[in-house]
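Dear colleague,

Please find below the structure that I am handing over to you. My findings follow directly after it, arranged by region.

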Amino acid sequence: MDLFEYMREQNQEKESPLASRLRPARLEEVAGQQHIIGKDKLLYRAILADKLSSIIFYGPPGTGKTTLAKVIANTTSAEFTQINATSAGKKDMEEVVQQAKNNLGMYGKKTILFIDEIHRFNKSQQDYLLPFVEDGTVILIGATTENPYFEVNGALLSRSVIFELKPLEKEDIKQILVRAVTDREKGMGSYEAELEEDALEFLADMSNGDARAALTAIELGVLTTPRGEDGKIHITLEVASECIQKRVVQYDKSGDNHYDVISAFIKSMRGSDPDAAVYYLARMLYAGEDIKFIARRIMICASEDVGNADPNALVVAVSAAQAVERVGMPEAQLILSQAVTYVASAPKSNASCLAIGRAMETVKATKTAPVPAHLQDSHYRGAQKLGRGLGYLYAHDFPNHYVKQQYLPDGLTEEKFYEPTENGYERQIKSHLAFLKEEQKS
């Protein structure tokens, strides 16, 4: 490293964003994530012992994935190399691998390769790394905001330990913010700023577990707020709210959080909690989710979870799906809210859902039994000569529009697929079927 490069790095460190400057250098400085870096935990012991295997850090933005990688860089005796998957290509990886081979062959020194946003690598790029991870040429540390089980090759996963980072607790964020305002070496202590208690509480809450969002807000507040008469910068609640604007919605339409929210949405409707269901609807709408996708999920829930306990639920859901396509946003949210609260509040039954499941299993497990002759089609030429449809009893010719006859194929006449519940309208269905069963006996 020459003098100019050294000066460039020094200036870059001074001018870098607060979130980067304040990044911990030692394990003891890391806030939160005690479930993986507590003193009795595997990762803590592995870092201190400098005995890391390939690992993948997975979690929302601002939870410390890159921070932990930097801590490892400061504590390991191995060569530490960092690349970002959004800009790196195969040539960059080839250079890293060649240098790693040289380090191992000439100096017996291992190389840790930290790949930020590893989910951005395509399959062939990930496949390229596999043999070098497997033979120990490089120790891989991957960081991703996406579920690695969806986005990272199974072969790489099987050779890595996955650590999930959680959104930071409110107290962790408060600790980081206080340090940011008071630290004169890496933070903004030299600005003589005072962070009022209610502003601290607000920022810690509104950052939603994202330390980077909180630090960006406090940095903006300190740099743009004029000094008071006492010569100090006062970060009030009003200043804090202007800096962070609004709560960050943890929802990524292309990531696994998308599946978490839609899962909670469906389960809330199924669980007859309209308040929770409409809350998750609001989160999806706020994040820009496709309203047609939401409408499809409501229709499915109306059939799968409400079923015949309230047949009108499916009518409402289908009507809503058609309406939102014609109306569009923002009015579509009113239609979706009506459908969601109706489906969530409706009596529930999955009897019809279970019925098709049982029937599918029976069809799969048994031979394709012939349709009883009297139920077969008798309209084509020569059908009656073959005995098709002979003996069929037309139900509407009989009292109560019902007549006893065999409908299931031979060998399956005792099968029971649909078993109505006592919920909602299905109670009437159950009563009617019981009545017909009594009619059979007469």
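The side chain of S207 reaches the backbone oxygen of A204 at 3.2 Å, a polar contact in the sense of a pair of N or O atoms within 3.5 Å, where within protein one atom must be able to donate a hydrogen and the other to accept it, and where residues adjacent in sequence count only if both atoms are side-chain atoms. The model is predicted, so local features need pLDDT of at least 70 and side-chain atom pairs count only at pLDDT 80 or more, while totals for chains, interfaces and linings use all residues. Residues are numbered from 1 along each chain as its sequence is written, and side-chain values use heavy atoms, with hydrogens and water left out.

S207 lies in the loop between α11 (197-206) and α12 (211-224); helices (H or I, at least four residues) and strands (E, at least two) are DSSP runs, numbered from the N terminus. With a relative accessible area of 0%, S207 is buried (buried is under 20% relative accessible area, exposed over 50%, and partly exposed in between, with a 1.4 Å probe and protein chains only). Apart from its neighbours within four places in sequence, S207 is in contact with I173, A214 and I244, contact meaning heavy atoms within 4.5 Å.

M188 is placed in the loop between α10 (170-182) and β6 (193-195). Not counting residues up to four places away in sequence, M188 touches L18, R21, A180, V181, D183, E219, V222 and L223. The C-alpha atoms of M188 and I233 are separated by 11 Å, and these residues are 45 apart along the chain.

I turn now to the helix pairs. Two packed helices are described by the angle between their axes and the distance between the axes. Helix α15 (residues 274-286) and helix α18 (residues 332-345) have axes that come within 9 Å and cross at roughly 150°; axes are lines fitted to C-alpha atoms, for helices over the stretch in contact, and angles run from 0 to 180 degrees between N-to-C directions. α15 and α18 are therefore roughly antiparallel to each other (angles under 35 degrees count as roughly parallel, over 145 as roughly antiparallel, 65 to 115 as roughly perpendicular and the rest as oblique). On the α15 side the contact is made by P274, A277, V278, L281 and L285, and on the α18 side by Q333, L336, S337, V340, T341, A344 and S345. These residues divide into eight nonpolar, four polar and no charged, where Ala, Val, Leu, Ile, Met, Phe, Trp, Tyr, Cys and Pro count as nonpolar, Asp, Glu, Lys and Arg as charged, and the others, Gly among them, as polar.

The axes of helix α16 (residues 291-306) and helix α17 (residues 312-327) come within 8 Å and cross at roughly 175°. This pair, α16 and α17, is therefore also roughly antiparallel. I291, K292, A295, I298, M299, A302, S303 and V306 of α16 meet A313, L314, A317, V318, A321, V324 and E325 of α17. By class, this contact has twelve nonpolar, one polar and two charged residues.

Some backbone features remain. A cis peptide bond, with omega about 10°, joins M329 and P330, and P330 sits in the loop between α17 and α18. D50, in the loop between α4 (42-49) and β1 (55-58), has a phi near 55°, a positive value in a residue other than glycine. D50 is partly exposed, at 26% relative accessible area.

Yours sincerely
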